[in-house]
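Me: Could you walk me through this structure, one part at a time?

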Amino acid sequence: MKKIFSILSFILPLVNQAQTNPGLQKAIDFTNENATFLKECYQQLHEFPELSTKEVNTASYLKKAIASYGYEIVDTLGYESFGAVLKNGNGPVILYRTDMDGLPVKEETGLAFASKATGMKETETFPVMHACGHDIHMTTWLGLAKLFAQTKKDWNGTLVFLAQSAEETAQGAKKIVASPAYKKIPKANYQLAIHDHAELLVGEVGFCDEYEMAAVDMMNITIFGKGGHGAAPQRCIDPILLAAQYITEIQTIISRNIAPIDPGVITVGAINGGTIGNVIPNQVVLKLTIRTFSKETRDIIMNRLKEIGDNLAKAAGLPSNLFPKYDLLDMSIPSVYNNPELGKLLKESVQKQFGPTAIVKIKPMMIGEDFSVYGQQLDSIPSYILWAGTLSPERKEWSLKQHIEIPALHTSKFAPDFEQCIPQNIKMMSAVLLDLFKKGNTTTLKKIK
Ligand SMILES: [Zn+2]
Ligand SMILES: [Zn+2]
């Protein structure tokens with residue numbers, strides 16, 4: 001009873017506000033009438049997650065459903081990605097993306113519909129879980145697609161619902177943009193996505209104008225030396241010692257070469273070299289990730305990584321053919337830049353429907369998101385990723401009382417309060433889309449970057 005009361009007390013203010021807003025009222029009615037559909041959709045997607053690039057059944061489930069609502073499918077966008085387009089007269093083109101992939105994590109939520117799925121990565125088998133909440137994104141996406149197909153009288157323009165493979169491995173968006181079929185997708189005036197947030201309350205929407213997430217680069221660096229007996233270092237050039245100097249020295253790039261107000265991260269996540277204590281090896285391999293916001297900072301870091309590596313090798317007495325080898329992996333993605341003028345419009349929509357407490361300012365993070373790829377082409381399109389709360393007030397209160405940490409994204413116990421947050425996401429995105437459609441396609445938003 002207490003639970004019902006607290007849910008009602010959460011919903012009632014929205015219902016009262018909705019009396020003056022027919023668009024929101026329709027979204028509320030839709031989520032009530034489709035509660036079973038949304039629950040089943042979420043549970044199905046949650047129970048059967050698939051790894052990046054392998055989202056075969058997930059994509060086919062979503063595709064079948066969205067095609068049945070009257071959307072035109074644009075296929076062959078790389079891996080399992082596809083687009084679904086609904087044209088509805090003159091008006092702006094709005095692209096809304098969901099990601100589809102799960103993670104190689106063994107689920108430990110104890111839910112009745114917990115995943116027992118496994119998936120292959122190269123030759124190894126892994127347990128798979130929707131530990132990043134892409135199942136929340138997909139259910140919101142599908143629900144919203146159904147709602148907008150049923151309420152075509154209320155808006156004019158074109159909706160592009162994009163379902164993307166392989167967000168977690170940063171491969172999907174690049175593949176879509178490079179695919180010939182991408183040209184069949186109408187060019188968007190606005191591009192939107194949501195990402196669930198483990199600690200925001202259901203109904204809270206997180207905004208981060210301008211740089212929100214970092215550009216990601218992964219680099220393997222091979223440090224060479226001259227191997228020999230561990231007891232005769234004078235006859236060798238020790239790559240282990242060089243690697244140790246290099247790892248320490250490159251942290252001065254962050255502290256001395258880039259401005260203190262400009263964020264940057266260099267992490268050496270792996271060192272592989274040597275076999276036994278009394279042998280100096282010929283080489284050591286370091287595996288790095290580099291995170292930045294601006295192109296200028298990224299350029300400084302890339303140049304300094306080479307300068308420091310080459311000069312340490314030279315100082316150690318190595319010839320230039322044994323200077324380090326720098327392999328930038330084909331996994332780079334640009335930083336996510338949320339257009340602040342679009343952000344202003346989105347904030348106004350959310351605040352108008354759900355009040356000022358729904359708006360939460362979120363700080364930028366150095367994680368990556370390949371949604372940035374769509375907004376980073378030459379004629380950059382105003383784009384924004386919103387954070388959407390998944391934590392019910394009851395669970396927050398309970399966790400605080402029990403001193404239990406709320407499970408974060410990418411962890412085995414992440415369990416969003418889907419029965420509350422999915423309907424709320426649909427209402428919120430419906431409000432946002434209806435307002436953007438009303439703006440027409442004569443947007444004066446600056447195409448920044
Ligand atoms: Zn993730
Ligand atoms: Zn994610």
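**Strands and cores**

Reply: Leu86 stands opposite Leu159 in strand 6. Strands are DSSP runs (E, at least two residues), as helices are (H or I, at least four), and both are numbered from the N terminus. This is a predicted model, in which local features need pLDDT of at least 70 and side-chain atom pairs count only at pLDDT 80 or more, while totals for chains, interfaces and linings use all residues. Residues are numbered from 1 along each chain as its sequence is written, and chains are lettered from A and ligands numbered from 1 in the order in which they are written.

Me: Which strands do the seven bridges join, and how do they run?
Reply: The bridges link strand 2 (residues 82-88) with strand 6 (residues 157-164), and the two run antiparallel. Two strands count as paired if DSSP finds at least two bridges between them.

Me: In which sense do strand 3 and strand 6 pair?
Reply: They pair in the parallel sense, over seven bridges. Val93 has Thr158 in strand 6 as its bridge partner. Strand 3 also pairs with strand 7 (residues 190-201), in the parallel sense over four bridges, and there Ile94 is partnered by Tyr190.

Me: Why is strand 3 described as largely enclosed?
Reply: Six of the seven residues of strand 3 (residues 93-99) are buried, so the rest of the structure largely encloses it. A residue is buried if 20 or more other C-beta atoms lie within 10 Å of its own, exposed if 12 or fewer, and partly exposed in between, with C-beta atoms placed from the backbone.

Me: What is the strand order in the open sheet of eight strands?
Reply: The order is 1-2-6-3-7-18-8-17, with mixed pairing. Strand 1 (72-74) and strand 17 (359-361) are the edge strands, each pairing on one side only.

Me: New topic: how many residues are in the largest nonpolar core?
Reply: That core has 80 residues, and Ile94, Tyr96 and Ala145 are among those with the most contacts inside it. A nonpolar core is a set of buried Ala, Val, Leu, Ile, Met, Phe, Trp, Tyr and Cys residues joined through C-beta atoms within 7 Å. Helix 12 (residues 418-438) gives the most to this core, namely twelve residues. Domain 1 (2-214 + 335-438) and domain 2 (215-328) both give residues to this core, so it lies between them. The domain bounds come from an automatic or database domain assignment.

Me: What is Ala145 in contact with?
Reply: Leaving aside neighbours within four places in sequence, Ala145 is in contact with Ile66, Tyr69, Tyr71, Ala84 and Phe161. Contact here requires C-beta atoms, placed from the backbone, within 7 Å.

Me: How far apart do the C-alpha centres of the two domains lie?
Reply: The centres of domain 1 and domain 2 lie 40 Å apart. Six residues of domain 1 are in contact with seven residues of domain 2.

Me: And which strands form the open sheet of four?
Reply: The order is 12-14-10-15, and the pairing is antiparallel. Its edge strands are strand 12 (264-273) and strand 15 (325-328). Nine bridges connect strand 12 with strand 14 (residues 283-292), and Val265 has Arg291 in strand 14 as its bridge partner.

Me: Which strands does helix 8 touch?
Reply: Helix 8 (residues 295-315) packs on the sheet and touches strand 10, strand 12, strand 14 and strand 15.

Conventions: Two residues are in contact if their C-beta atoms, placed from the backbone, lie within 7 Å. Axes are lines fitted to C-alpha atoms, for helices over the stretch in contact, and angles run from 0 to 180 degrees between N-to-C directions.
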